[in-house]
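Student: I'd like to learn how to read a structure like this one. Could you walk me through it?

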Amino acid sequence: MKYLNVFIQNNISRIDDLYTYMAHDEVDVEVGMRVQVPFGKGNRNKIGIVLSIEREKKSEYKIKEIIEVLDYKPIIDEDLIELGFWMKNKYLTKYNQSFAPLLPPGDIKTIQRIANIKSDYTFLDSEVEFAEELVKNKYNLKFVDSNENFKLIVKKLIREEVLTISFKVDTVGGTKSQKAIKLRKDYLNTMSESKIKLSEKQLIVIEYLQKKGTVLKSELLQNLKISDSPVKTLENKNLIETIDKEIERNPYENVDEFKINVLNEEQVKAFRGILNSNKKVSLLHGLTGSGKTEVYLKLAEEAIRKNEQVIVLVPEIGLTPQMIDRFKGRFGESVSVLHSKLSQGERYDQWQKVKNGEVSVVVGARSAVFAPFDNLKLIIIDEEHDSSYKFHNALRYDTIEVAKKRMEMESGKVVLGSATPDINSYYRAQEGEYDLFELKKRAVIGAKLPNVQIVDMRNELIKGNTSIFSESLRGLISEKLERREQIILFLNRRGFSNFVSCRACGHVIKCDNCDISMTYHKNTNMLRCHYCGSTKKMVTRCPECGSKFIKQFGVGTQKVEEEVKKIFPNAKVLRMDKDTTVKKKSYDEIYKRVKDREVDVLIGTQMLAKGLDFENVTLVGVIAADLSLYISDYRANETTFDLLTQVSGRAGRSSRGGDVVIQSYNPENYSIIYASNADYLNFYKRELEVRREFNYPPFSKLVNIYFSSEDNSKIENLANRVLFEIGREISGFKVEYTRLIQTPRIKNIYKYKFTLKVDPNFIDKLTDIIKGVLIKNRKEINKSNIYVDVEFV
DNA sequence: AGCACGCCGACT
DNA sequence: GTCGGCGTGCTC
């Protein structure tokens, strides 16, 4: 007997576990194959995936036997499963959280096994029945399941390398197919043997098919401008045949070819450097417009030449038509695109193509890091500083760490690219862990750097201007409108929180211990630090200058839109934010409208910061740089620097040069000043010092542990016990921790958290300790219906 | 989640 | 006795 540890997919945390089943030794089963098993008291049929196989019985439970093995070849490679276990351990997630992203999209039940038979193989007499069924079922092996003899034949043919398996995912409710026409193999014989005469139309059809091979019937009729009767006649004459062809739901059709440009000296240096680097990770630091994408394309081209495969990760928001067009245009059909706005069917198609080896490049958002390639040697992560790659509520892994791990397993390389690298990444490059390559020249010849000015909004208040536009921004807006040039007004609201600031002097109330802005809570009239939980009473006068202009800071896109319409009634204004941009379509539409100059002023949030290049935009106004400067997060300065640098780049796309106006109540803040000069290096140096002083990453690693439940009575006790037990275990290590703090209740779920700050070298040790404590309290946690989430920042 | 078990009251 | 309504607890 052998023992299979089976993962049965579900979202219910209480049964999220591996279940052990027996199988006889002679059963052919491998890790990654699907098995049918009896589950629960009623022995319901469930389909699970084998994640590991053991010789010995380890479990104390009464073990059931599997019903059937459903695959002849794993649907997930062993490497990916190993990666799943690694994630589970590193991030202390549920099985579902770590393994679901590795699974094919949709229900694993719907994966069909399609046989491909070597063309020169002649079936034996004993296999004729099988062969007939095979053709009848269009090579779908489903018919095999009920016949033991057929199963043996399949296995034998696989062993003899006559039969290979590819996977097909059916859309729920059946696949869409269309009628297609092709010439019968023996059409020439048929024609000469029966001396068939062809009419004019029939001849056209035959010629067309000779040229094109298999064609959709609808296409044929349309292109040749004929009715279907000649086609029918040809079919009756046994010259052509109709087959069902599946519609490929290709979301990106007719992309213009994108030729690779000749690389400049810097780009060549980076390309060669990355190729020859002996380090696992290379960091490509390139200014906006310096042509990082060209380097990516060249690297991908090189990999394809060697029959290797490549994953290119792009932030969801940066996965613009432009980016996709460049890869599609360069590599055509060998590129698959994965992102959150694909329909279920499109997703199936893309997975299938990757799994069956039909493509070599995947361009996609974070979860594409799990694309099921089997000879993956390169993962490129563009805009690597972007927060979408990091730990998320639902997506519990750090994309860069996972990419590094995957490439470590496959001995491949990771390339991180950014104009504003993550402080952590740049630090690692400085420390020699990564190789660093810089692109400093603008690749587009003639493009000028924009003229950036910072406006002190405190002076505007003194001058009596209480509007959201400074005189200078207002002046420039009207100037550009007159010249029929376009304007972007930007609100950097990412992670916006209710900080309190003084409009007279710019002072912001921060936590005394953490250097993080405090948040105003209206119901208690208190200020509070989201990191350590300490509170202060809300102030009525500024503790710095005594002014009473101290209050919650806030401005939204709607407000900006109203103001613009009031002051410039003739301007055509378009607002772009989460409310107005929900679908892929509307994003493309907004893009098109701006491109076609149907819009004078585009107002938006960080969605605007990336990927949108408009020639005619010559003014970017940042309404209040302070918005992102005071989010309750140690990365506030970095986020601000990144956003301001990127949005400023939007004005520098044309040869006319452009203007950028950054409005702020804290114009002396270093992230604003360095961003205005696009001076990454000095920003990095300064920010690193701040991080060192307050012991934030890269000098530490943060771990948040959340406890949530609908029932408030037990959480606090249990969370405090977990905190106490962890505290006891870590005495002797360099770990700081906050006390337990309650976070705002959302949808009737009470939530508490505490944060641990640990020396990065001890993170694995600390993870083990947390794991141990959670396992120890597991019964209690389950019984009280408390959810525990561990977040690594 | 989904199923069976078992405890209890109501009914034959 | 025994039927069924619903709370409880487990799933290899």
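Predicted model: local features only at pLDDT ≥ 70, side-chain atom pairs only at ≥ 80, totals over all residues.

Student: Where is C514 found, and which residues does C514 touch?

Tutor: Look in the loop between β21 (500-502) and β22 (519-521). Leaving aside residues up to four places away in sequence, C514 touches C529, Y531, C532, F694 and Y696.

Student: Which residues does the UniProt annotation "binding site" cover?

Tutor: That annotation, from an unreviewed UniProt entry, covers C511, C514, C529 and C532. They are spread over 22 residues of sequence, yet they cluster in space, with a largest C-alpha distance of 8.7 Å.

Student: What is the place of C529?

Tutor: C529 sits in the loop between β23 (526-528) and β24 (535-537). Its relative accessible area is 1%, so C529 is buried. Beyond residues up to four places away in sequence, C529 touches C511, C514, M518 and S534.

Student: Let's turn to the DNA. Which residues are around DNA strand B?

Tutor: They are I12, I15, K41, G42 and R44. By class, that surface has two nonpolar residues, one polar and two charged.

Student: Which parts of DNA strand B do the atoms within 4 Å of the protein belong to?

Tutor: Of those atoms, 79% belong to sugar or phosphate, and the rest to bases.

Conventions:
Residues numbered from 1 in each chain as written. Chains lettered and ligands numbered in written order. Heavy atoms only, no water. Near = heavy atom within 4 Å. Nonpolar A, V, L, I, M, F, W, Y, C, P; charged D, E, K, R; others polar. UniProt positions renumbered as here; feature names shortened; annotations may be inferred. Helix = DSSP H or I, 4+ residues; strand = E, 2+ residues; numbered from the N terminus. Contact = heavy atoms within 4.5 Å. Buried < 20%, exposed > 50% of the residue type's maximum accessible area, 1.4 Å probe, protein only.
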